[in-house]
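Student: I have a model on my screen and want to learn how to read it. Where do we start?

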Amino acid sequence: MDIFAYPFMQNAFLAGSIVAILAGVVGVFVIARGLSFITHTFADIGFSGAAMAVYLGWNPLYGFLLFTVSSAMVLAQLGLKVFRRDVANGVVLSFFLGLGILFLSLATKQVSSVINLLFGSIFGISRSQAYELMGLSAAVLVVLFLGYRMLLFDTFDPAGAEAKGLPVRMISTVFLFLLSITVVGAAQLMGTLLVFTLTIIPAASARHLTHRVPRMMLYAAFLALIGVWVGLFLGYYTNAPVTFYIATVETLIYVAATTYQKIRNRRISL
């Protein structure tokens, strides 16, 4: 039977495709701005928000979104340097993970939905959740492309952007806001523990294939799509988790991209 005849596969492909494109595009700026570890911090903070939402009887997605967006706004006020310190990051991660465990212990129902956020549950996404993720992802992509030139300038030449009078603080705040929403989408698919898989690895692979940012964004989105689509097909026909296949495919692509760059550099140097 055609796998697209099943509603859960349709939902998985709908949500997976738009989130993959979003994570690939945003990931290019995450790496360039040195925010990789903060992405993981947002995911762990979001987990505690989802656990709180379950405890209060809310939709876990809303709690996840509330905590990640709020943490992005706090981070924008405190400055990125605070969260780039290992000790500060460790304290924040420990506190929010502990808070999440507390809410889980107090909750009496829907605990499985929060556990799914830890490990990912792409086959468990409903049609309404798919539409929610598509709406959030589309909104982030629209804002990103409207502010593309300013974000590009501030990312690769922050001193020049400040000298030109660009609102660098506002640009940083808006990007952290967009990143927090991207983490929410990626965590729905991959889980908070594997959020790096779509937000970091495709962009890191694309960086080994080209130095032009627009092309890097296209490559990253395409590579993220490949991982999601192959993972969904293999997950459907086997009993292994989809997230395992997606993480494996993305890792293999990254290894191939780094090997290709080494071979190309060796030929140029000859």
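**Inside and outside**

Tutor: Start with Asp 154, which is buried, at a relative accessible area of 7%. Keep in mind that this is a predicted model.

Student: Why does Asp 154 count as buried?

Tutor: Buried means under 20% relative accessible area. Asp 154 has 7%, so it counts as buried.

Student: Where does Asp 154 lie, and which residues is it in contact with, leaving aside neighbours within four places in sequence?

Tutor: Asp 154 lies in helix 8, residues 148-156. Leaving aside those neighbours, its contacts are Arg 33, Ala 161, Val 168 and Ile 171.

Student: How many residues has the largest nonpolar core?

Tutor: The largest nonpolar core has 66 residues. Val 26, Phe 42, Leu 189, Leu 198 and Leu 232 have the most contacts inside it. Helix 1, residues 7-32, gives the most to this core: 15 residues. Apart from this core lies another, of eleven residues, including Ala 51 and Met 52.

Student: Now the outside. Which residues form a nonpolar patch on the surface?

Tutor: Tyr 55, Leu 56, Trp 58, Leu 66, Leu 102 and Leu 106 form the patch. Together they have about 560 Å² of accessible area. Helix 2 (36-56) and helix 5 (86-106) are the elements that give two or more residues to the nonpolar patch.

Student: What does Tyr 55 count as, by relative accessibility?

Tutor: Tyr 55 is found in helix 2. Partly exposed runs between the buried limit of 20% and the exposed limit of 50%. Tyr 55 is at 41%, so it counts as partly exposed.

Key:
Residues are numbered from 1 along each chain as its sequence is written. This is a predicted model: local features need pLDDT of at least 70, side-chain atom pairs count only at pLDDT 80 or more; totals for chains, interfaces and linings use all residues. Side-chain values use heavy atoms; hydrogens and water are left out. Buried means under 20% relative accessible area, exposed over 50%, partly exposed in between (1.4 Å probe, protein chains only). Contact means heavy atoms within 4.5 Å. A nonpolar core is a set of buried Ala, Val, Leu, Ile, Met, Phe, Trp, Tyr and Cys residues joined through side-chain atoms within 4.5 Å. Patches are made of residues with over 30% relative accessible area and no salt bridge: like charges are joined within 9 Å, nonpolar side chains (Val, Leu, Ile, Met, Phe, Trp, Tyr) within 5 Å. Accessible areas come from the Shrake-Rupley method with a 1.4 Å probe; for residues, only the protein chains shown count as cover. A salt bridge is a side-chain nitrogen of Lys or Arg within 4 Å of a carboxyl oxygen of Asp or Glu.
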